[in-house]
Protein chains: 4
Amino acid sequence: MKPTSFCSNSAETLPSVVKKIRNFVENEVIPQESLLAKNDQSELLALKEKAKRMGLYGNFYPEKLGGKFSRLTDYLPLAEEESRSEYGPMIFGSESTLDIHMLNHYADEAVKLNYLESLASGNIVASYAMTEPGTCGSIPDTLRATAQLKEGYWQINAKKWFICRADRAQLVAVVVCTGDESVPVSQRLSVLIVPADAEGFHIVGKNKIFGQHQGQCELELNNVMVPENFMLGGKGEGMAVIEQRLNFGRVLRSTYWLGLAQRCFDMMCYRLQTERNKAIGLADKQLIRQHVVKVYQALVGSRSLIYRAASELDNHLPADIAVKVAKLSTSQTLSLAVDSAIQIYGAEGVSEQTPLASIYQLARTTRILDGADEALISSVGKRLLNEYSDKHQEYSDKTKPTCKTTPIYKTPPISETPAISEKACIS
Amino acid sequence: MKPTSFCSNSAETLPSVVKKIRNFVENEVIPQESLLAKNDQSELLALKEKAKRMGLYGNFYPEKLGGKFSRLTDYLPLAEEESRSEYGPMIFGSESTLDIHMLNHYADEAVKLNYLESLASGNIVASYAMTEPGTCGSIPDTLRATAQLKEGYWQINAKKWFICRADRAQLVAVVVCTGDESVPVSQRLSVLIVPADAEGFHIVGKNKIFGQHQGQCELELNNVMVPENFMLGGKGEGMAVIEQRLNFGRVLRSTYWLGLAQRCFDMMCYRLQTERNKAIGLADKQLIRQHVVKVYQALVGSRSLIYRAASELDNHLPADIAVKVAKLSTSQTLSLAVDSAIQIYGAEGVSEQTPLASIYQLARTTRILDGADEALISSVGKRLLNEYSDKHQEYSDKTKPTCKTTPIYKTPPISETPAISEKACIS
Amino acid sequence: MKPTSFCSNSAETLPSVVKKIRNFVENEVIPQESLLAKNDQSELLALKEKAKRMGLYGNFYPEKLGGKFSRLTDYLPLAEEESRSEYGPMIFGSESTLDIHMLNHYADEAVKLNYLESLASGNIVASYAMTEPGTCGSIPDTLRATAQLKEGYWQINAKKWFICRADRAQLVAVVVCTGDESVPVSQRLSVLIVPADAEGFHIVGKNKIFGQHQGQCELELNNVMVPENFMLGGKGEGMAVIEQRLNFGRVLRSTYWLGLAQRCFDMMCYRLQTERNKAIGLADKQLIRQHVVKVYQALVGSRSLIYRAASELDNHLPADIAVKVAKLSTSQTLSLAVDSAIQIYGAEGVSEQTPLASIYQLARTTRILDGADEALISSVGKRLLNEYSDKHQEYSDKTKPTCKTTPIYKTPPISETPAISEKACIS
Amino acid sequence: MKPTSFCSNSAETLPSVVKKIRNFVENEVIPQESLLAKNDQSELLALKEKAKRMGLYGNFYPEKLGGKFSRLTDYLPLAEEESRSEYGPMIFGSESTLDIHMLNHYADEAVKLNYLESLASGNIVASYAMTEPGTCGSIPDTLRATAQLKEGYWQINAKKWFICRADRAQLVAVVVCTGDESVPVSQRLSVLIVPADAEGFHIVGKNKIFGQHQGQCELELNNVMVPENFMLGGKGEGMAVIEQRLNFGRVLRSTYWLGLAQRCFDMMCYRLQTERNKAIGLADKQLIRQHVVKVYQALVGSRSLIYRAASELDNHLPADIAVKVAKLSTSQTLSLAVDSAIQIYGAEGVSEQTPLASIYQLARTTRILDGADEALISSVGKRLLNEYSDKHQEYSDKTKPTCKTTPIYKTPPISETPAISEKACIS
């Protein structure tokens with residue numbers, strides 16, 4: 001889970017891998033997208049196996065499990081390529097990256113032995129269950145699932161919904177309360193690993209997203225029993241596990257969204273250069289060019305913000321602001337990019353003839369999942385303002401410049417020049 | 001003019017200079033802003049002299065003229081600090097940077113001898129006259145000023161307006177037509193150096209901006225004669241001179257705008273932390289935090305775009321797209337930042353009690369000068385789309401990846417890793 | 001087709017009908033929406049029959065076919081109520097209103113006899129086929145379908161796609177070229193009525209919209225023969241037929257979109273008042289209130305614009321600007337309203353548990369169909385500017401004020417006071 | 001103050017007066033704007049006298065004081081014309097309308113006798129002092145000015161700033177606390193009439209707005225004594241006086257802003273039709289047309305919202321939501337209109353050659369004065385949501401439809417048809 005645990009066992013250069021991924025997506029994945037959109041599992045499996053054979057699988061897993069890169073910032077260019085197709089993260093095994101790092105970092109050794117290899121080989125899939133029906137999003141205070149320790153086993157009762165991959169996961173990390181409401185929420189939650197074939201574990205419904213089932217399910221756990229050592233981290237340490245996963249996950253997902261946004265931009269630009277559109281001079285229209293420029297600016301801005309966030313995670317700096325701003329920004333960028341591309345494609349853009357309609361729906365969910373925009377704005381705004389709270393001290397102590405605006409002034413390239421980090425502290 | 005001619009004769013580290021500039025602005029300039037706003041020339045002169053004495057003057061002049069940095073990307077952190085006050089660029093001599101580089105690069109040796117030292121020492125000031133009344137902005141095709149070579153002298157007739165610093169400049173670089181309309185505009189224009197005391201050179205009016213004269217003047221040149229060697233570059237090479245100056249100038253000005261935008265952000269945040277505002281919980285309001293987050297996101301995004309543009313100029317890459325996008329973006333960022341700060345300050349924000357009212361007016365002009373937004377969007381959109389025009393070739397020749405999306409994929413930090421530049425070419 | 005042909009045979013007051021429709025939608029339609037979403041034809045039929053029995057069917061058909069209102073402005077409040085459910089316009093027969101008016105106005109008497117009664121009774125459904133694959137939207141110049149008169153029959157060859165209701169229509173109005181490219185497009189097009197069981201008429205595919213088939217089909221007409229009198233209007237008069245239908249249709253559809261937008265607003269506001277959301281104070285958050293206020297403002301603004309457009313159509317005034325602005329605005333309003341409601345509902349908002357996901361998809365198509373935003377902006381902008389083209393005349397003839405800004409100053413309530421219409425001309 | 005007190009003693013038709021005002025502004029005021037901008041008092045006085053002579057002065061004063069219209073909705077078309085020039089409201093005496101209605105409604109008869117006639121004749125001017133330095137905008141809770149009754153006189157101590165017209169007012173309505181903090185703010189405030197020549201009344205400074213003094217002053221009242229009957233309304237009833245003035249004032253000011261916005265739109269459109277701009281095809285550019293269409297849409301929408309608000313005031317309905325939404329919207333419209341016009345005019349737009357620079361500065365203040373945007377959004381959002389608070393009752397009592405969405409469904413034209421008001425109650 002910690003970026004420090006990232007490792008490098010690749011003999012290849014980054015550009016070489018990036019190129020392979022790009023070619024694989026371009027030549028193998030994208031031509032099969034219409035099949036994959038119909039949920040063709042055999043095609044998916046075939047592509048996954050091919051990616052494994054070519055050494056393109058699990059690129060950001062821990063070193064001992066085959067990962068290639070030890071720094072998130074190194075993985076980003078690769079991740080963008082993986083995700084130019086919505087099916088990329090499944091095919092390259094990246095959908096398990098978060099689960100693997102979480103288990104690798106927090107699970108008991110016995111649990112690791114049970115599951116890590118199988119996860120890394122793609123033989124099994126894990127899921128993560130936090131959100132509950134009737135509560136407000138994923139606000140930890142409102143969670144009602146419980147686990148009680150009874151004779152060496154956790155007895156779990158929970159209702160969860162909109163749980164990704166729950167339809168095909170062999171194990172689910174379930175967030176539960178191991179304390180009552182008298183315990184502060186920061187010490188109330190725990191995360192338990194639950195095998196999907198445990199007695200009392202039920203998939204009670206499939207949640208549709210925009211009219212289609214995409215793997216999200218509603219779960220009920222009735223007196224499910226799991227061994228005591230199936231807890232990630234210690235009892236009441238769930239918030240730490242959740243937050244680490246969340247920040248790490250936000251950066252990864254933002255990068256995948258960026259890959260899709262770039263794809264939309266590329267599609268839009270190529271489309272404008274087709275003979276048919278040249279004939280009517282579409283690319284000469286200012287409102288069309290405005291689409292192009294706005295998306296381009298958004299892409300470049302979001303890419304920079306993601307890089308900053310990843311860099312802070314890599315360097316064990318407080319990354320909360322950077323991560324949330326990157327997520328907010330990339331969500332906007334993907335929404336803008338796919339919306340613009342649809343506008344250029346017209347009716348075809350909302351039809352089954354392009355991946356845009358599907359990406360458009362995904363884009364809408366990005367402003368809700370991983371923290372709704374409103375919650376993130378409020379939280380980031382608070383954090384940013386805190387940086388300015390001891391104004392009087394700063395102003396009275398000019399000889400000792402403080403670091404108040406560090407997160408603002410420190411741009412990625414500058415942060416790489418050691419000398420400048422001092423400057424960052426000045427500002 | 002060329003970034004290659006940038007040089008470094010500073011023994012100090014960048015962070016050390018940055019710190020000095022920041023302290024100077026904070027302690028010397030900002031406390032005098034209300035005096036400076038009243039056009040107090042003696043105060044201005046005193047600060048300029050003080051900056052010189054402290055070795056903080058002309059930081060980005062050519063090496064031989066005292067400049068400290070050879071790369072634009074190195075100068076950016078400094079430039080942001082210089083420009084936290086609107087008066088900074090005058091006090092630190094940065095208002096002459098463009099003129100000095102232009103003369104250094106394009107002027108005849110005799111002309112350089114005449115003027116460069118005086119410009120660099122701040123004893124004289126230069127101006128640049130392109131825009132004409134009755135024409136559309138600075139569209140080169142519509143320029144009507146003329147110069148004809150007569151017995152070793154250029155005879156100039158021109159009307160120009162909204163010419164910055166014209167009220168105190170000792171020499172003016174005037175854009176003229178040296179060919180008639182049969183000559184393509186790319187070969188029609190030339191740039192001539194005109195001493196302000198030349199016979200026939202008249203300041204016929206002062207242009208007010210938002211009700212206040214800020215140095216812009218309307219000029220008439222009636223049969224002004226200047227020696228043949230007062231031309232910058234060759235006859236008909238004006239467009240090259242203009243464009244180089246423009247791109248370089250756009251990046252510098254964007255950085256100055258960013259410095260002001262950061263100041264507005266800082267002011268807004270500190271203001272929200274005053275006792276008075278804490279008492280009414282202003283910083284807890286979501287709409288207030290939204291202001292903070294949006295400005296922060298804009299600042300970080302624009303800073304990254306400026307860095308990219310500067311980096312391309314430093315590396316002699318085609319920088320047109322990057323420069324224009326940086327200008328568009330920073331103009332928006334400054335507008336947003338000062339607008340938000342005013343909203344937080346309320347009536348005081350539009351009064352004379354803060355610099356915000358003045359910055360707000362400046363911000364409005366940024367969307368017109370150096371290319372109106374609409375013109376830039378159209379031009380950048382066209383350039384971006386051109387990158388996608390030979391799609392079919394690219395798709396049929398997979399073994400030879402092209403560089404079509406270089407400007408998109410190449411983020412600043414990545415571009416510094418040589419290995420990645422190959423990736424950039426792949427995409 | 002002409003508003004003049006609207007008639008009134010209702011003994012009821014408008015508010016009484018509005019109330020009935022509202023109750024019907026609230027009590028009969030909305031509770032069945034999840035069934036209807038699964039394309040339950042028997043449920044749909046049952047609701048349609050019930051609406052007929054209650055005299056709530058075909059409310060805006062021509063008088064002789066049972067319509068109740070002779071003015072579009074009178075119908076608007078009703079139309080909003082009909083469309084609070086996406087299924088309303090089908091259940092109340094409003095999906096045939098355009099076709100019935102088109103036939104009533106343009107069809108040969110024999111054709112009317114054949115089809116009008118059946119359409120008005122809901123026994124058959126009509127469709128309208130303009131858009132073609134491989135062309136740019138519905139730009140008339142690019143249409144390639146042809147019809148040639150041969151021995152009293154039109155021989156039609158055409159490819160069309162994204163044709164609404166084509167899967168269940170018994171007749172299709174097909175836009176064809178009856179002249180070659182030498183004929184100006186304004187005289188090149190004609191509209192022919194084609195029975196869906198005609199030989200050579202093929203549904204060759206179902207177009208999916210956002211992954212789901214919603215009735216749009218791809219058609220091929222291979223040497224289909226229809227009698228000479230099956231043409232609407234005369235040969236080459238297709239543009240007039242198209243444009244009348246389009247303007248009338250834009251106002252109707254905008255009203256239906258507004259009804260949906262109002263539903264989204266109501267849902268969002270009620271949701272914020274649930275116990276669960278009160279418990280976490282969601283309605284007290286400023287970013288939430290911002291959603292509410294922005295949608296409210298948009299709703300009121302669009303309602304006013306629709307009313308203006310309808311009023312101009314009712315009064316046989318040039319309505320082109322008003323209609324297009326109403327369409328642009330209502331499309332934005334629906335997009336904003338459903339987007340905001342989804343944000344309030346969170347994951348449920350994109351699930352199958354609310355109608356929001358489906359409305360969101362519809363909202364996206366509104367910016368493409370009936371004229372893409374970009375095309376409308378360009379067209380309206382041109383028309384508005386034309387009002388100002390003879391500036392010099394106006395300024396030199398102050399004693400005879402012109403009507404230049406009529407469309408701007410004439411607000412709905414003012415236009416109802418005759419005295420003011422003169423004022424409108426002044427301004 | 002109450003709309004009911006509005007009266008009509010005009011024999012003329014509204015269109016006739018509207019036409020006269022329009023011609024007066026066009027022919028008399030606008031040509032003198034550059035003089036007026038230089039604060040030429042004699043020119044201002046001459047125009048005021050001319051307006052009086054032509055019977056165009058004080059158009060919305062109470063009947064007995066020469067007003068022409070008894071309904072705000074009738075006055076709106078006139079008000080728009082008056083305000084096409086920023087100097088209109090001064091010249092037509094409209095700057096005193098609020099003060100006159102306030103005194104007419106709330107002042108003691110003796111005070112009326114003293115001042116009303118002089119105000120209505122334009123011989124004296126009144127001012128209104130609420131905002132205080134060091135407090136947050138005009139939040140009533142934070143006001144610190146006091147008045148204590150001593151032997152038949154109110155002894156006033158107050159500091160006020162940003163007080164409009166204070167530099168030339170003969171009397172000032174001052175908001176004071178007549179109770180201490182133990183008294184709820186709704187009963188703590190009172191409004192007192194203070195002659196500007198009272199002992200202890202000092203103008204201690206001139207507040208500049210965007211660098212220019214525009215009449216706003218900073219005031220100090222040190223133990224100023226005014227007779228007991230100089231209070232408007234009763235002791236502790238200040239909030240009612242303030243709120244009535246505020247709502248009425250917001251609608252009037254919104255209308256004046258709209259008049260300016262319409263002027264900007266007209267200027268922009270005419271400018272685009274000049275020969276010079278035609279030559280470069282500016283009006284054919286889509287980004288230019290986009291400016292035109294967006295401003296047009298905003299104008300029409302705001303005009304409709306103002307009309308709704310005025311209509312509710314005329315009809316003594318709860319107008320709070322409508323008034324605040326109209327203010328929010330018109331402020332945005334003016335900002336957009338003048339910003340777009342400046343963009344079209346380029347450098348001239350920010351120069352002294354057009355009124356745009358001045359209008360731009362005014363536009364910025366509209367988002368602060370009369371309630372900052374953020375405060376209004378929060379307040380309106382709360383009120384709108386309150387309409388939905390008894391959802392459960394409504395849903396359980398379908399036979400008794402409630403009026404929850406009245407403010408939404410009731411559009412201006414509909415509200416004029418009595419039958420529809422019932423519908424409004426249904427929705």
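**Confidence and contacts**

Mentor: Begin with pLDDT, the predictor's confidence in each residue, from 0 to 100. Chain A averages a pLDDT of 87, and 88% of its residues score at least 70. This is a predicted model, in which local features need pLDDT of at least 70 and side-chain atom pairs count only at pLDDT 80 or more, while totals for chains, interfaces and linings use all residues. Residues are numbered from 1 along each chain as its sequence is written, and chains are lettered from A and ligands numbered from 1 in the order in which they are written.

Trainee: Over which residues of chain A does pLDDT stay under 50?

Mentor: Where pLDDT is low, the predicted coordinates should not be read in detail. In chain A, pLDDT stays under 50 over residues 1-8, which have 28 contacts beyond four places in sequence in the model; a contact requires C-beta atoms, placed from the backbone, to lie within 7 Å. Residues 391-427 of chain A also have a pLDDT below 50, with 61 contacts beyond near neighbours in sequence.

Trainee: What ipTM and pTM does the predictor give the complex?

Mentor: The complex receives an ipTM of 0.88 and a pTM of 0.90.

Trainee: How many residues do chain B and chain C bring to their contact?

Mentor: Four residues come from chain B and four residues from chain C. On the side of chain B that touches chain C, one residue is nonpolar, two are polar and one is charged. Here Ala, Val, Leu, Ile, Met, Phe, Trp, Tyr, Cys and Pro count as nonpolar, Asp, Glu, Lys and Arg as charged, and the others, Gly among them, as polar.

Definitions and conventions:
Two residues are in contact if their C-beta atoms, placed from the backbone, lie within 7 Å.
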